[in-house]
Amino acid sequence: MDLTLTLSKIEKLERKLTSINGEQASQHSEIRSDIITESQSLMRKLNPQIIEKKTEPKQPLDREESSKPDTMLPQDVLNSIENEQLPVLSDDKRADAIEGFDKLPQQIKDMMARSVGMEEGSNATAVVERLMDENRLYEGEDDEKFNMIAKADDFEEIFVDMEMAEVNAFVRNLLPEVTRKEGVKEEYIEEFCSNVLGKDVFNPTGKPENVPGGFIIRGEGKVKPIDGKDYGDLLIDALDKKMAKTSLVGKIQAYYILDPTPASGEEIMNEEDEQPLILVTNADISPTTNALINVGLPTLVPGIQFGLSGSITPIKSSPKNIKALFDFSIAGPLFGMLASVILLYNGLELTAFMDLEAREQLPSIPVETLRISALGGGAIEYLLGDGILNSPNPAADLIKLHPYAIAGFGGLVTNALSLLPIGNTDGGRIAVAFFGRSFARVAQGFFILSLAFAGLFGADQTNVLLCYAIFTQFWQKEPEVPCRNEVDELDAVRGFIAIATSVVVFLILTPMN
């Protein structure tokens with residue numbers, strides 16, 4: 001427990017450290033030194049205790065020179081080592097050292113392994129033996145602990161590794177696996193930067209940064225804006241035209257997206273917005289042509305009450321922009337809900353005007369099922385009689401309905417489910433288009449918790465919402481494929497349609513009182 005807690009504190013300090021770099025490194029050198037000193041104190045609480053030698057300062061994370069040494073060791077410890085008063089770890093404690101090494105966090109083990117020329121620290125015996133051969137393990141203050149001498153360069157590698165792990169995990173949560181099958185070859189990215197980017201299209205402000213599946217390039221767009229056209233579309237068109245003149249066609253694909261990496265502490269404090277950049281991946285996803293989106297075979301979603309809770313159609317090509325993604329995602333459910341309302345109304349009207357003998361031949365449906373929708377149930381009570389769904393035992397009581405009404409009611413619920421902002425369903429895609437890729441993940445997490453809460457605490461008696469949430473989390477949790485342009489926002493009309501649709505979905509999926 002102590003190891004885990006200490007490492008989590010180091011990670012927090014590391015985030016502070018990595019946010020104090022770049023052009024402001026010289027302004028924050030004293031703060032940076034204090035953070036590393038505090039990190040050193042936490043590191044010495046790990047088992048084994050890690051002690052650093054005074055070495056020449058390493059370049060900070062931004063690779064600019066630092067004006068102050070990174071760390072200061074306790075002078076009494078340094079004097080003990082230099083005067084050989086601290087005894088070297090004996091051979092009979094080798095097994096204890098190996099056991100203690102195995103208990104360390106993986107990042108610390110890898111750092112210690114690299115300090116003796118090994119790639120990673122999975123082989124505890126080999127690492128400890130090399131450290132002992134180099135006389136870098138010393139007796140601790142008691143029989144259960146020992147000290148190690150580590151270089152400052154090795155220690156700072158922990159910060160770099162943690163930063164890269166955080167970035168990689170963040171990118172994986174935002175971009176689908178299909179964009180991360182293989183990394184882009186360096187010769188491709190070099191040719192892209194040399195022959196495609198430039199002052200007339202997109203001017204880079206730094207070197208390409210490696211992320212899972214490709215590279216991100218920060219910079220500033222230089223394409224001339226045109227009234228009535230989204231700037232991101234103009235930029236992508238310009239990149240494609242220049243790429244068509246190179247050997248990169250069919251090898252890589254460029255996207256104009258918001259920064260997928262986590263914000264630094266300084267960006268959060270200054271409340272800075274996500275900055276647009278170029279993402280370059282392998283051409284695993286074909287671009288959309290002629291305003292059409294290529295799709296695959298639909299995935300059927302099983303359901304308890306109706307057999308099916310809808311279907312999810314996978315996207316096989318990158319939409320041109322988020323407007324195209326929004327239009328594709330909302331068109332099917334809106335048309336389905338409209339058709340369901342027509343079926344429901346006609347079915348209820350036919351049911352209402354049937355004679356009793358004909359009505360007895362109609363299929364039955366439990367009252368409890370019809371009460372899962374306030375909008376659908378309200379329509380039934382309006383046309384068939386107020387209070388017809390009020391029952392002391394809704395799970396057992398049945399009501400006769402025309403097949404059109406049952407089909408319409410089921411279609412209303414299933415189409416509303418597909419518009420919930422979870423997974424890569426139609427609703428999840430609309431959330432990406434409306435909120436942006438980063439905040440859409442937050443919205444999806446909120447709705448998943450809401451559906452689980454409703455199912456576990458009685459608000460969803462039929463468990464329709466809970467079953468749908470479980471299915472999407474296990475089989476539809478992969479992020480949606482990126483659009484070529486994800487920077488330009490939806491227009492006001494589409495925004496209004498999204499809000500109005502969300503209100504209708506809420507009314508449909510809210511159970512009757």
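How close do the axes of helix α16 and helix α17 come, and at what angle do they cross? They come within 7 Å and cross at roughly 130°.

## About the model

This is a predicted model, in which local features need pLDDT of at least 70, side-chain atom pairs count only at pLDDT 80 or more, and totals for chains, interfaces and linings use all residues. Residues are numbered from 1 along each chain as its sequence is written, and side-chain values use heavy atoms, leaving out hydrogens and water.

The chain has a mean pLDDT (the predictor's confidence in each residue, from 0 to 100) of 77, with 70% of its residues at 70 or more. For residues 1–7 the pLDDT falls below 50, and this stretch has 10 contacts (heavy atoms within 4.5 Å) beyond near neighbours in sequence. Residues 21–28 are also below 50, with seven such contacts in the model.

## Helices α16 and α17

Helices here are DSSP runs of H or I, at least four residues long, numbered from the N terminus. α16 covers residues 426–435 and α17 covers residues 437–456. Their axes are lines fitted to C-alpha atoms over the stretch in contact, with angles running from 0 to 180 degrees between N-to-C directions. The crossing angle of roughly 130° makes α16 oblique to α17; oblique is what remains after under 35 degrees (roughly parallel), over 145 (roughly antiparallel) and 65 to 115 (roughly perpendicular).

On the α16 side, G428, A431, V432 and F435 meet R437, F439, A440, A443 and Q444 of α17. These contact residues divide into six nonpolar, two polar and one charged. In this scheme Ala, Val, Leu, Ile, Met, Phe, Trp, Tyr, Cys and Pro are nonpolar, Asp, Glu, Lys and Arg are charged, and the others, Gly among them, are polar.

T501 sits in helix α19, residues 492–509. Is T501 buried or exposed? It counts as buried, at 9% relative accessibility (buried is under 20% relative accessible area, exposed over 50%, partly exposed in between, with a 1.4 Å probe and protein chains only). Leaving aside residues up to four places away in sequence, T501 touches I330, L334, M337 and L419. I330 is 171 residues from T501 in sequence, yet their C-alpha atoms are 9.0 Å apart.

The axes of α11 (residues 322–352) and α19 come within 12 Å and cross at roughly 35°. Residues in this contact comprise eight nonpolar, one polar and three charged.

Most residues other than glycine have a negative phi. N463 has a positive phi of about 60° although it is not a glycine. N463 belongs to the loop between α17 and α18 and is partly exposed, at 27% relative accessible area.

Technical notes. Helices (H or I, at least four residues) and strands (E, at least two) are DSSP runs, numbered from the N terminus.
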